[in-house]
Amino acid sequence: MDKNEPSRVTAPAKCSRCHAEIPNPVVCDYCKSVNPGAAVMDYFTLLGVPETFEIDESELRRRYLTLSRHAHPDFHVQEDPEVQQLHLRVSSTLNEAYQTLRDPASRAAYLIECLGGKSMAEDKSVPDGFLATMMMMREELEEACQDGNTEECKRLGKVLRTQHDGLLRRIGELFEQYQQAVACRAVTRGLLAEIRQQVNAVSYVKKLLSRVEEK
Ligand SMILES: [Zn+2]
């Protein structure tokens, strides 16, 4: 690794119990004990997927299921209370990690912060003109729903769904640009903020969508 590159050493090279060299940072391949550090690992490392927006979702699910099985407290009832506590903590972190990474919008939000960008609480901005469009959509929706116009509700739902998918595509493109910029040491400043805006926009659209889909 280049010495100018930030490095994140989260995976221990050795199992803390049997001291075997382990490629899997969460569960030891030899004694099957769970690494105590797993409870505080970043979600990408924990689930063993690359720290990127595009991930193989079936691979993510497969890894989550395998690790959950190892860490599940029910399989460790014979162990000391301390070890049981550890499995409880790792299990709950695994669940959180999986719920966060399986959904593209929350994965994007999480990734922004991993890369040093701002959280939604720190930066609530959205792309220009977006709020005006959303207010219009919301009014149209409320009107259609009040009048019991299910056809119109459905149509607006489709419009929102298209907007939602478009935003996610844009987020994917921006993350790719970000990776390319990092790879050739170009300026990345501004890119994360732009992604933040798109991710904030997705969360607005999702809120409206959930209203339509509730009906
Ligand atoms: Zn071991």
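**Figure 1. Arginine 185 in the loop between α6 and α7.** Arginine 185 sits in the loop that joins α6 (150–183) to α7 (191–214). The model shown here, as in every view below, is predicted. Arginine 185 is not a glycine, yet its phi is positive, at about 55°. Most residues other than glycine have a negative phi. Is arginine 185 buried or exposed? Arginine 185 is exposed, with 10 other C-beta atoms within 10 Å. The cut-off for an exposed residue is 12 or fewer such atoms.

**Figure 2. Lysine 32 in the segment before α1.** Lysine 32 belongs to the segment before α1. Its phi is near 65°. That is a positive value in a residue other than glycine. Around lysine 32, 13 other C-beta atoms lie within 10 Å. Lysine 32 therefore counts as partly exposed.

Figure 3. How many helices and strands does the protein have? There are 7 helices and 0 strands. Read along the sequence, the pattern is α-α-α-α-α-α-α. The radius of gyration is 21 Å, well over the 17 Å that the globule rule gives for 215 residues, so the protein is more spread out than a compact globule. Along its principal axes, the C-alpha trace spans about 65 × 45 × 30 Å. Buried residues make up 27% of the 215 residues. Now take the contacts between residues at least 6 apart in sequence. Of these, 58% join residues at least 24 apart.

**Figure 4. Two domains.** The domain assignment gives domain 1 (1–102) and domain 2 (130–214). How far apart do the C-alpha centres of domain 1 and domain 2 lie? They are 32 Å apart.

**Figure 5. The largest nonpolar core.** This core has 47 residues. Which of them touch the most other members? They are Leu46, Leu47, Leu94, Ala108, Ile171 and Ile195. Each of α1, α2, α3, α4, α5 (130–146), α6 and α7 supplies at least two residues of the core. α7 gives the most, with 9 residues. Domain 1 and domain 2 both give residues to this core, so the core lies between them.

**Figure 6. Leucine 47 and its contacts.** Leucine 47 is one of the core residues that touch the most other members. Leave aside its neighbours within four places in sequence. What is leucine 47 then in contact with? Its contacts are Leu60, Arg63, Tyr64, Ala97, Tyr98 and Leu101. Among them, Arg63 and Tyr64 are buried residues of α2. Ala97, Tyr98 and Leu101 are buried residues of α3.

Figure 7. Helix α3 covers residues 81–102, which is 22 residues. From its first C-alpha to its last, α3 reaches 31 Å. That is close to the 32 Å expected at 1.5 Å a residue. Which residues of α3 are buried? They are Leu86, His87, Val90, Ser91, Leu94, Ala97, Tyr98 and Leu101. Seen down the axis of α3, these buried residues fall within an arc of 135°, so they line one face of the helix. On the other side of α3, Pro81, Glu96 and Gln99 are exposed. What covers the buried residues of α3? The cover includes α1 (43–47), α2 (57–71) and α4 (104–114).

Figure 8. α2 has 15 residues. It reaches 21 Å from its first C-alpha to its last, close to the 21 Å expected at 1.5 Å a residue. Arg63, Tyr64, Leu67, His70 and Ala71 are buried in α2. They cover an arc of only 130° around the axis, which puts them on the same side of α2. The buried residues of α2 pack against α1 and α3. The face turned away from the buried side carries the exposed residues Ser58, Arg62, Leu65 and Arg69.

**Figure 9. Phenylalanine 75 in the loop between α2 and α3.** Phenylalanine 75 lies in the loop between α2 and α3. Is phenylalanine 75 buried or exposed? Phenylalanine 75 is exposed, with 12 other C-beta atoms within 10 Å. Phenylalanine 75 and arginine 62 are 13 residues apart in sequence. In space they are 19 Å apart, C-alpha to C-alpha.

Definitions and conventions
Residues numbered from 1 in each chain as written. Predicted model: local features only at pLDDT ≥ 70, side-chain atom pairs only at ≥ 80, totals over all residues. Domains from an automatic or database assignment. Helix = DSSP H or I, 4+ residues; strand = E, 2+ residues; numbered from the N terminus. Expected span 1.5 Å × (residues − 1). Buried ≥ 20, exposed ≤ 12 C-beta atoms within 10 Å, placed from the backbone. Arc of directions from axis to C-beta. Contact = placed C-beta atoms within 7 Å. Rg over C-alpha atoms; globule rule 2.2 N^0.38 Å. Core = buried A, V, L, I, M, F, W, Y, C linked by C-beta atoms within 7 Å.
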